[in-house]
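Have a look at the model below, then work through each task with its solution.

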Amino acid sequence: MISKAEAIKILMRFSLIEAIALEPLSYNDITVSWHEKYIQTGETLGLFDASRDNNIFNPDGLVKREDMIDLVNRLVHLYR
């Protein structure tokens with residue numbers, strides 16, 4: 001299994017989306033780390049919603065099947 005941070009990195013690289021440090025994160029549990037720019041970019045693109053997640057991303061948490069499907073679905077909608 002992979003972590004949420006690893007999943008978002010894989011999806012963004014597969015989709016050729018360049019992850020860059022944008023604006024401060026709405027998530028309270030993200031420290032400066034390799035995954036910060038991926039989460040920032042994903043949040044800016046609307047791949048996740050901090051208010052829905054109670055401002056907790058849990059980057060080291062494992063990705064559930066339904067969460068991965070939701071992420072892929074949101075990513076696909078960016079290209080419509």
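**Exercise 1: two helices side by side**

In α1, Ala-7, Ile-8 and Leu-11 meet Met-68, Leu-71, Val-72 and Leu-75 of α3, where contact means heavy atoms within 4.5 Å and helices are DSSP runs (H or I, at least four residues) numbered from the N terminus.

Solution. Step one: sort by class, with Ala, Val, Leu, Ile, Met, Phe, Trp, Tyr, Cys and Pro as nonpolar, Asp, Glu, Lys and Arg as charged, and the others, Gly among them, as polar. Step two: the contact of α1 with α3 has seven nonpolar, no polar and no charged residues.

Before going on, note that this is a predicted model, where local features need pLDDT of at least 70, side-chain atom pairs count only at pLDDT 80 or more, and totals for chains, interfaces and linings use all residues. Residues are numbered from 1 along each chain as its sequence is written, and side-chain values use heavy atoms, leaving out hydrogens and water.

**Exercise 2: comparing directions**

Find how α1 (residues 4-14) lies against α3 and against α2 (residues 36-45).

Solution. Step one: α1 and α3 pack at about 30°, with axes 11 Å apart; axes are lines fitted to C-alpha atoms over the stretch in contact, and angles run from 0 to 180 degrees between N-to-C directions. α1 and α3 are therefore roughly parallel (under 35 degrees; over 145 is roughly antiparallel, 65 to 115 roughly perpendicular and the rest oblique). Step two: α1 and α2 pack at about 70°, with axes 9 Å apart, so they are roughly perpendicular.

**Exercise 3: the second contact**

Which residues join α1 to α2?

Solution. Step one: α1 gives Ile-8, Lys-9, Met-12 and Arg-13, while α2 gives Tyr-38, Ile-39, Thr-41, Gly-42 and Leu-45. Step two: by class, this contact has five nonpolar, two polar and two charged residues.
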